Amino acid sequence: MAERDYNFKEIEKKWQEKWEKGNVFKTPRDPGKKKYYLLEMFPYPSGRLHMGHVRNYTIGDLMARFMVMKGYNVLHPMGWDAFGLPAENAAIQNNIPPFKWTGDNIEHMKTQFDRLGFSYDWDREVATYKPDYYRWNQWVFVKMFEKGLAYRKNAPVNWCPRCSTVLANEQVENGKCWRCESDVTQKELNQWFFKITAYAEDLLKGLESIREGWPERVLVMQKNWIGKSHGTLINFKLETGEDFPIFTTRPDTVYGVTYMVIAPEHPFLDRISDPKVRAFIDCLKSQSLIDRLSEEKEKEGIDTGIKVVNPFNGDRVPLYVGNFVLMEYGTGMIMSVPAHDSRDFAFAKKYGIPVKLVIDNPDAPIDVDAMADAYVEDGINVNSGPFNGLRNRETIEKIADYAEEKGIGRREVNYRIKDWLISRQRYWGCPIPAVYCDNCGIRVVPEKDLPVLLPTDVDFRGSSKSPMLSMDSFVNTICPDCGGKAKRETDTMDTFVDSSWYFAKYASPKSAAMFDEEVDYWMPVDQYIGGIEHAVLHLLYARFFTMVLNDLGLVKCREPFTRLLTQGMVIKDGAKMSKSKGNVVDPDVIMDRYGADTVRLFMLFASPPDKDLEWSDKGVEGCNRFIGRIWRVLDKYREYITEEMPDDGPLSGGLKALRSELHRTVKAVTKDISERLQYNTAIAKMMELVNVLYQVDEKEISSPQGRRIISELFFKLVPMLNVFIPHVAEEMWEILGRTGYLYNQPWPDFIEALTARDEIELVFQVNGKIRSRVQAPASISKEEMEKMALDDARVKGFIEGKEIVKRIVVSGKLVNFVVKG
């Protein structure tokens, strides 16, 4: 029989065309099957896929194909997170309209996706830059505005002068813009916010419902970001009698307050006229929020000359403006207790402020004048009036009780999370549907007039500012209430808005409404896959948005993602792939040389999915050789393929070992994919199976029973390979004479009785070093293992004439003799 060559170019092209013509990946609603919604985070259409994309989407495609073969109705869609700065910057640099640049990039990236054999249902494609998508951003904005969840206020923001836009705290890295690396400053602007704080408790409690399916570190990061804290709001007073409330989680230290600090943005400071103080305030306000929060940043302040009175002991203490207090936390003012807070201690020493001890160490009394740093441990209250002698943890509750009894404070819950600033001073984004009327004030655009279309015929004229600012045809409009002249909002929405609900739109992409009944069939997403860098913002915003949609009656689920997998990065030469580092590997180049299946196999074999993957050219070559090896062994034995399956008769020799190894492999691969999510070990198991096959004599395989066993092997191995290397697997399925797409075939089963091992491998060590390996009955006892090790000729050579000081026997695995002499 003539040998067939493995021509990956012909094979991959053939099956990609067949899948497309056969509508193989289309996903109609099927009430007769259990649904499974598999989703990877959609990409920004930058123009080319990088290896990080390839890894993410290969993992997802494996899981989607596996669940189809397990009998589920699988939704596996793809779309485009299309708004954002890169398209706008490209327009400025290359004089290409963002709309065209984005559309061209999408078309190119779709061909790359198809070339990799990903099983996407392109009928469900969404692109966030299209009006039929972003109109629903605007519709939800209007609904949130009506419910008080969207509002406008002045706020200090991180400002990148070069990008001419606001940056979230997380987009400022070491005081510089995450994208252009320019120095970030602070600026006060009138901004739009979503009131995510109204959902803080829901977001916190919701973490419990997804605990089983999400990585613990992501849950912890979200919990810390929400930052719920229980404390006391204490009403300090100005000397004029005016209230000066502060929030603290440590009321047990209130008697130790020696100064107060206020945020430089606080409107209270508008009353200060001292030029020196005003200049200092302006200087602090110009510092970025990230710098001010940094542990390394020096804490700076200035005495305002104002005194604040402590309601517990009557102490009059100075009020400072400090760069480390933020308007967003608590009341924008804090009490400072230098004896028991290291930051407060350093600030007090810097500015010559007294230190007052109010919690003492019961085992080693503290001399306050000798303190080199704050005492932050628990202890006994001193200098604390009626609370002296109490343990400070007990004092926390008693002081809160006292404050409420005397009317000088109350218990309060605070959250670290702040409302979501959605305004962006950029062009390429979803227009905010608001207008400004001199008569009526702020008004939202009526639903019947949505969407507010983003102009596509724009001219940047070399400027980084939004061209909409100078477009009278866009800016000038009519007030929806009075019919008078009005101005449109020219800010656009944060692109995180676009990605906060796209997963629900995949479920009903053609619906004339935001969603139809399909959304409740598919939602929530059963498995979500993406990078750990999205652990807080995207995932938190998506959870918030889903809760809002639930409250609006649009979806039944409260949480969007049941399970979450955060895959590791692809790195090369010890660093994440990036153009600036010159270590980028182009997926197209590798596919041209080895084929898409080789790229997929390497991405799944080189590392567990949640760990970083180190790129290796030799590793890619090794994966390509393995595919070639499977191809050759199938070609070698295809003449023996039969429809008859093995009977229950006795087997011996290589056939017995081969069949047992086959069923063990099916069991292990199934578990590695469905439970352990360890695709690298699943591939290793199949490699081991092929090795066992090579050890069987062809005469055994050519026998009637051998023909049945080799047929069973390929009828199980090839479907398992399908989820890893689908193109060549489909081709091999056809070679085996099977009909129908392998994509739709059931996942192979196994016979439990055949997975048990008659023999196991034992390792014999001397002083921890392996000296021998032997086969032994699976039922061998510890005593028999030790005797076998002592009788082993190779072991004897290392223990003769020496004293065995310790014998370690691990049942069914190893024997280790510790010797001396």
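Among contacts in the chain between residues at least 6 apart in sequence, 72% join residues that lie at least 24 apart. The model is a predicted one, and its chain of 821 residues has 55% of them counted as buried.

**Overall dimensions and surface**

- The C-alpha trace of the chain spans about 105 × 80 × 50 Å along its principal axes.
- About 36,200 Å² of accessible surface is computed for the chain, and carbon and sulfur atoms account for 48% of that area.

**Helix α24 against helix α1**

- Helix α1, residues 8-21, packs on helix α24, residues 726-735, at an angle of about 85°, and the axes of the two helices are 9 Å apart.
- Because angles of 65 to 115 degrees count as roughly perpendicular, α1 is described as roughly perpendicular to α24.
- On the α1 side the contact is made by I11, E12, K14, W15, Q16, K18 and W19, which meet P726, H727, V728, E730, E731 and E734 of α24.
- Sorted by class, this contact of α1 with α24 comprises 5 nonpolar, 2 polar and 6 charged residues.

**Helix α24 against helix α19**

- Helix α19, residues 617-637, and α24 have axes that come within 11 Å and cross at roughly 5°, which means that α19 is roughly parallel to α24.
- The residues that meet here are I627, I630, W631 and L634 from α19, and V728, E731, M732 and I735 from α24.
- By class, the contact of α19 with α24 has 7 nonpolar residues, no polar residues and 1 charged residue.

- Strand β20, residues 441-444, pairs with β19 in the antiparallel sense over 4 bridges, and the two strands form a hairpin with 3 residues between them.
- Within that pairing, V435 has R443 of β20 as its bridge partner.
- Strand β22, residues 485-488, also pairs with β19 in the antiparallel sense, over 3 bridges, and here the bridge partner of Y436 is K487.

Definitions and conventions
Residues are numbered from 1 along each chain as its sequence is written. This is a predicted model: local features need pLDDT of at least 70, side-chain atom pairs count only at pLDDT 80 or more; totals for chains, interfaces and linings use all residues. Side-chain values use heavy atoms; hydrogens and water are left out. Axes are lines fitted to C-alpha atoms, for helices over the stretch in contact, and angles run from 0 to 180 degrees between N-to-C directions. Angles under 35 degrees count as roughly parallel, over 145 as roughly antiparallel, 65 to 115 as roughly perpendicular and the rest as oblique. Contact means heavy atoms within 4.5 Å. Ala, Val, Leu, Ile, Met, Phe, Trp, Tyr, Cys and Pro count as nonpolar, Asp, Glu, Lys and Arg as charged, and the others, Gly among them, as polar. Two strands pair if DSSP finds at least two bridges between them. Buried means under 20% relative accessible area, exposed over 50%, partly exposed in between (1.4 Å probe, protein chains only). Accessible areas come from the Shrake-Rupley method with a 1.4 Å probe; for residues, only the protein chains shown count as cover.
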